[in-house]
Amino acid sequence: MSQPFLFLDLPDADATAYLAQQMAPALQAGDVLLLEGPIGAGKTHFARSLIQYRLAMLGRHEDVPSPTFTLVQVYDAGTEIWHADLYRLSHPDEALELGFDEAFETAICLIEWPDRLAGLAPDTALTLRFETTDEGAARRVAFSGDAVWQDRLRHILDAPDG
C-alpha cells in the first residue's frame, strides 16, 4: 500500500457524512474505496452517507442498511454501487464467488474490511483508513492511493479539515 497523501480530522459524525457527500459526485464506475479501521471508526457511516447522497442526487431516498450479515448490498444509483462488509469472510476466494472481480470494473465499490481480499483488490483502489481519536466522536481518516486519486480529490486537499 502507498503512503497516505492526505489526513483529515473529522470532529463528529456530521463531518464524516460531509466528507462522503463531497466525494460522492466524483466517483464513477470502476472506482474502489477500501475502508479500513477498527469497529466503530466510521467506515459504515461514511459508506452509508455516500450511498444516500448518490441516491438523493437522483431524487431517491432509501434505507441503506449495513451489509454486516448480507456481506454485500447493491444499489442502483445511476452507476451501480456495491457496499460490502467482508468481516465474516474466511478466504479471499469467497469474494470472487460474490462477483467482486466484475464489480471492480463496472461498479463503485465500497469495501469494509478489505484485508479479507488479500491481493484481490485493484492496484488503482483508494484506501481510507479511519481511526478513532481521544475526542470521543472525533475520527481521523488517512487517504492512500496513486497520483490519479490525488489529482481527482484535489478539491478535498484544498478544503479545510472537517
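Predicted model: local features only at pLDDT ≥ 70, side-chain atom pairs only at ≥ 80, totals over all residues.

User: Which side chain meets Arg-60 in a salt bridge?
Analyst: The pair is joined at 2.5 Å, N to O, and the cut-off for a salt bridge is 4 Å.

User: What is the N to O distance between Glu-131 and Arg-129?
Analyst: Glu-131 is partly exposed at 31% relative accessibility, and Arg-129 is partly exposed at 33%. Their side chains form a salt bridge, with an N to O distance of 2.6 Å.

User: How many residues apart in sequence are the parts tied together by Arg-152 and Asp-31?
Analyst: The side chains of Arg-152 and Asp-31 form a salt bridge at 2.6 Å, N to O. Arg-152 sits in helix H5 (residues 147-152), while Asp-31 is in the loop between helix H1 (13-23) and strand E2 (32-36), so the parts this pair ties together are separated in sequence by 121 residues.

User: Which side chain of opposite charge is nearest to Asp-85, and how far away is it?
Analyst: Asp-85, in strand E4 (residues 79-85), is buried yet has no salt bridge. A polar atom of the Asp-85 side chain does lie 3.0 Å from the backbone nitrogen of Tyr-87. The nearest side chain of opposite charge is Arg-88, at 6.9 Å.

Notes. Residues numbered from 1 in each chain as written. Heavy atoms only, no water. Helix = DSSP H or I, 4+ residues; strand = E, 2+ residues; numbered from the N terminus. Buried < 20%, exposed > 50% of the residue type's maximum accessible area, 1.4 Å probe, protein only. Lys, Arg positive; Asp, Glu negative; His and termini not counted. Polar contact = N/O pair within 3.5 Å; in protein donor to acceptor, adjacent residues only side chain to side chain.
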